[in-house]
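Biologist: I am new to this structure and would like to learn how to read it. Could you walk me through it, one feature at a time?

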Amino acid sequence: MIWRYSWRDSVPCAITLSQLALNFWLAASWETRPLVYNLLFAPLCLFLFWYNGLVASHSFVHTPWFKSELLNRLYLVLNSINIGLPQIHYAHEHLLHHRYANDRPGQNGLTQDPTSTFAGGKNGQHESMLSYCFLGPFQLDLFGSFRDICRRGGSLQLGAEICACLIGFGTLLLLSRQYVLLLLVPVLYLGWVLEHVENYYEHFGGEPGDRYANSTSYYGQLYNALFCNEGHHQEHHLRPNVHWTQRPQVRLELSERLEQANRVILNFPPVLAWIEHRRIAEQFGRPSARISAHISAQTTAKRLAEPEVVISSGAVAVKM
Ligand SMILES: [Zn+2]
């Protein structure tokens with residue numbers, strides 16, 4: 001067996017490798033079909049991109065699929081072409097997200113979680129959904145992230161992933177400039193917008209100072225069956241190193257504390273939770289700036305006991 005945790009990881013692995021193959025096949029055969037036929041592939045490409053960030057890249061960051069370190073590194077290089085960025089950058093940002101748990105700005109006005117929904121908000125409130133999701137993809141701190149990755153010993157892996165992105169993008173451009181302009185670039189942008197929507201509603205209404213209520217959860221059976229239990233986001237924040245197949249078990253084990261928490265349980269999957277934005281805002285309207293500052297100070301103190309992000313030999317992990 002090549003799988004470190006479960007053969008079920010073969011599903012997201014196969015889907016993302018198919019995504020890579022589809023992109024190159026589309027570019028290579030673009031000129032052989034009328035434009036309108038080619039554009040019919042856009043929804044499928046967008047779905048695959050969203051699935052990749054939501055399920056595959058995310059679960060791989062926490063629980064790399066293969067026993068072989070070489071296979072893990074190779075997958076990271078290949079999948080970087082799919083997401084249009086070095087996956088080690090995504091991993092670095094995501095693990096900071098876990099460490100600082102969607103924090104509010106500190107005294108310097110900045111959040112330590114680069115993806116925090118409070119980063120662009122005012123008076124300790126969440127940033128507006130529209131600006132977070134549509135402008136967020138342009139607010140990457142790539143150089144800061146690359147500097148941190150190199151400092152932590154990930155320069156070789158980062159270099160390989162940057163080369164893969166450049167070679168992959170260059171090859172697609174050579175195969176068909178029209179494919180890149182009319183399909184790939186819009187899918188990359190809209191795909192990242194969807195990832196931002198997902199993250200926004202995985203935390204909208206949450207309270208960063210409360211480990212049992214800093215995220216949201218959605219327990220719909222179909223969504224969790226199709227998307228590898230991604231609805232158990234609060235449980236995932238509590239036990240980030242637990243394999244996705246075990247997240248419902250975490251819910252059971254921690255049920256008493258979870259039931260006591262004043263937390264958001266969604267009625268729709270996070271990507272559709274804008275439908276109930278008003279309900280969440282009214283029910284979980286969080287405190288004024290003065291109280292927020294107090295909670296932010298408490299959160300900072302608590303961080304000392306929270307997980308630490310570690311990059312060793314190019315791999316990334318959350319150290320509990
Ligand atoms: Zn995570």
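Modeller: Gladly, and we can begin with helices. Helices (H or I, at least four residues) and strands (E, at least two) are DSSP runs, numbered from the N terminus. The expected span of a helix is 1.5 Å times one less than its number of residues. Helix α5, residues 87-100, has 14 residues and reaches 20 Å from its first C-alpha to its last, close to the 20 Å expected. This is a predicted model, in which local features need pLDDT of at least 70 and side-chain atom pairs count only at pLDDT 80 or more, while totals for chains, interfaces and linings use all residues. Residues are numbered from 1 along each chain as its sequence is written.

Biologist: What is the mean pLDDT of the protein chain?

Modeller: pLDDT is the predictor's confidence in each residue, from 0 to 100. Here the mean for the protein chain is 90, and 89% of its residues reach 70 or more. Over residues 288-320, however, pLDDT stays under 50. Where pLDDT is low, the predicted coordinates should not be read in detail.

Biologist: How many helices and strands are there in the protein chain?

Modeller: The protein chain has 15 helices and 4 strands.

Biologist: Why is α5 described as largely enclosed by the rest of the structure?

Modeller: We count neighbours: a residue is buried if 20 or more other C-beta atoms lie within 10 Å of its own, exposed if 12 or fewer, and partly exposed in between, with C-beta atoms placed from the backbone. In α5, 13 of the 14 residues are buried, so the helix is largely enclosed. Across the protein chain, buried residues make up 40% of the 320 residues.

Biologist: At roughly what angle do the axes of α4 and α5 cross?

Modeller: Axes are lines fitted to C-alpha atoms, for helices over the stretch in contact, and angles run from 0 to 180 degrees between N-to-C directions. The axes of α4 (residues 69-83) and α5 come within 8 Å and cross at roughly 85 degrees. That makes α4 roughly perpendicular to α5, a label for angles of 65 to 115 degrees; under 35 counts as roughly parallel, over 145 as roughly antiparallel, and the rest as oblique.

Biologist: Which residues of α4 and α5 make the contact?

Modeller: Two residues are in contact if their C-beta atoms, placed from the backbone, lie within 7 Å. Leu76, Asn79, Ser80 and Ile83 of α4 meet Gln87, Ile88 and Tyr90 of α5.

Biologist: Where is Gly84 found?

Modeller: Gly84 lies in the loop between α4 and α5. Gly84 counts as partly exposed, because it has 17 C-beta neighbours inside 10 Å. Beyond its neighbours within four places in sequence, Gly84 is in contact with Cys165 and Leu188.
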